[in-house]
Amino acid sequence: MAAILSEIAQRLNNNLLIQIQSEGTSVNLMSLPLELLLEILKLLVWKDILRVRRICKYLAEVTRTRDIWLNLVHEHVLANELPPRLERPIEMHSSPELEHLLLLWKSADCRLESNLHPARERIIAAAVKVGDFKRTNLVHLIKGGRWLLVTEQTAAVTYYDLDAPTTSGVQLIADQMALNSLSEVLMDIDYDMHSPFLAFTIAFSLRAGHRDTPQYRQTVEIWRVGVVLDATQHVVGLAAACIASFPHHLEIEWPKALSLLGSNIAFHAAYTHSRTYSHTDPERYIFVVDWTQANENPLQYPWRVVHEEPGGPKIYLLPGGNLFVASNTWYSLIDCSSVPETSCFQDPSQYSFPVIWNIHGPPTMGTTRFFLTETRASFIVYCIAWVYNLTFDCRSVGDAPHLRCGHPLFSVGHVEDTPFIGYKHIILIDRLGEASVFGYPGPFATCEEPTIAYRKFPLSRQLGAHAPLMDEESGRFVYCINQTIQERAAGTKLGVVDFAIDL
């Protein structure tokens, strides 16, 4: 008791201790008015709150006051440039729920940054038809770590509640096309950060059939996904509604990259010039479409041709009308807003592509990750055991940013698949089914601290585990398990690892 009171006094810059000593009295926490006691407890970190709770029943009850945990949650959220995404408004959370959230986040941090093994690991069966789950754009762990989306080659989407005692799939979106060898799905997710509830938009670019058959079609679909509440206003599921659908222009073929932000969708595709197009070195461009306009006029909607790009780039729409393009060893920022809209494709020589800056960097053939705030963007590249970082003002039209490098990953043996790059951690899985967790300064850090390997641990001895995904706040990551074609036809197995303590 005396030690805790002394520590509290020190956190108050010794003001309380000085007052006690000057008056020559002995004061303990229980003798303080409740309002003052709460203000003092709000100055403590979460570990100290739990220590105070162990003193007596009275203080244990006081430490469960909602204001204390609300203050701690607010502090945690404000301390992160990429804050956690809550399913419901914070005002709807009870004191036990706020405490559970905070301790979940903190315990995940502690275990990820220590030599402790994960708190729990389990295998779930995703009852899907066919899918190449090495394509990470078809498996999404939604922010918050509770909901896992698995997309099939028919564009059907199933979600899994990873917080439930037993995990089973629930269909979110039904089949959007028949399955055949030429079916192709591109998918991107845009989170609505201004919605009080968890909400996001899914964009699909779908290709069905061969272009010479009646079944052939290439379409874009936009789906809005939100949470389902029960009678007590708790989230119990997800629901989706299609809010836009329109065909790709006839001249567009084989979209290979997709980005969604707000009402704009960008895609990289071949321009065929005519219906007699042959697959001989097609010209490829990046197109930007306002999907709200395309949905209103699906046969003659306007578009912007913002860049000519022959390779297979990674593209990201940014606030302010800009587009970031990473292709091979070049990184470009393009001003889309200055490109006029058109309803027909003109002679390419008539286009002027407004490149704001263009810099040379490491190859983008490896794993990449893009982080975005309202004002800043950061592009992370993992290439041959090194991590590179390009951070810039996403609304700026100024000078090119500096490519920061120098975060080496220690040798972990042969990596089976591309790693996961997170905000604070990187996960690699080797052929023996062992995962290595690395820490690095983060996408917006200004320091050049070396990357530190925390540890390596086996994933239930799953040989050939691959495609790791992670929600760092909840300390949960998901990986796919290698299966034969026959095994995958019966259902795809996914591993779920929890670092946070099961509260």
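## Thr329 and its loop

Thr329 sits in the loop that runs between strand 15 (322–327) and strand 16 (330–335). Helices (H or I, at least four residues) and strands (E, at least two) are DSSP runs, numbered from the N terminus. Thr329 is buried, because its relative accessible area is 15%. Buried means under 20% relative accessible area, exposed means over 50%, and partly exposed lies in between (1.4 Å probe, protein chains only).

The side chain of Thr329 makes a polar contact of 3.2 Å with that of His360. A polar contact is a pair of N or O atoms within 3.5 Å; within protein, one must be able to donate a hydrogen and the other to accept it, and residues adjacent in sequence count only if both atoms are side-chain atoms. Neighbours within four places in sequence aside, Thr329 is in contact with Ile359, His360, Gly361, Pro362 and Pro363. Contact means heavy atoms within 4.5 Å.

## The model and the whole chain

This is a predicted model, in which local features need pLDDT of at least 70 and side-chain atom pairs count only at pLDDT 80 or more, while totals for chains, interfaces and linings use all residues. Residues are numbered from 1 along each chain as its sequence is written, and side-chain values use heavy atoms, with hydrogens and water left out.

The chain has 503 residues, and 53% of them are buried. Its secondary structure comes to nine helices and 28 strands. Take the contacts with a separation of 6 or more: 56% of them are between residues 24 or more positions apart. The accessible surface is about 22500 Å², and carbon and sulfur atoms hold 54% of it. Accessible areas come from the Shrake-Rupley method with a 1.4 Å probe; for residues, only the protein chains shown count as cover.

Ile142 lies in the loop between strand 2 (139–141) and strand 3 (147–151). Its relative accessibility is 0%, so Ile142 counts as buried. Beyond its neighbours within four places in sequence, Ile142 is in contact with residues including Trp147, Tyr191, Phe200 and Asp471. Ile142 and Asp471 are 329 residues apart in sequence, yet their C-alpha atoms are 7.7 Å apart.

Thr492 belongs to strand 28 (residues 492–498). With a relative accessible area of 2%, Thr492 is buried. Thr492 and Cys480 are 12 residues apart along the chain, and 7.9 Å separates their C-alpha atoms.

Strand 23 (residues 425–429) and strand 24 run antiparallel, joined by five bridges. Two strands pair if DSSP finds at least two bridges between them. Ile426 has Phe438 of strand 24 as its bridge partner. The two strands form a hairpin with four residues between them, and Gly433 in the turn has a positive phi of about 75°.

How many residues of strand 24 (residues 434–439) are buried? Six of its six are, and the strand is mostly covered. Glu434, Ser436 and Phe438 point one way, while Ala435, Val437 and Gly439 point the other way.

## Charged pairs

Side chains of opposite charge can pair when their charged atoms come close. The structure holds 16 salt bridges. A salt bridge is a side-chain nitrogen of Lys or Arg within 4 Å of a carboxyl oxygen of Asp or Glu. One of them joins Arg51 and Asp48 (3.1 Å, N to O). These two are three residues apart in helix 4 (residues 46–53), so about one helical turn separates them. Arg51 is partly exposed at 29% relative accessible area, whereas Asp48 is buried at 8%.

Asp163 forms a salt bridge with Arg476, with the closest N and O atoms 2.8 Å apart. Asp163 lies in the loop between strand 4 (157–161) and strand 5 (169–173) and Arg476 in strand 27 (residues 476–480), so the pair ties together parts that are 313 residues apart in sequence. Asp163 is partly exposed at 48% relative accessibility. Arg476 is buried at 7%.

Glu253 and Arg207 also meet in a salt bridge (2.7 Å, N to O). Glu253 is in strand 10 (residues 252–261) and Arg207 in strand 7 (residues 199–208), so this pair links parts 46 residues apart in sequence. Both are buried: Glu253 has 0% relative accessibility, and Arg207 has 5%.
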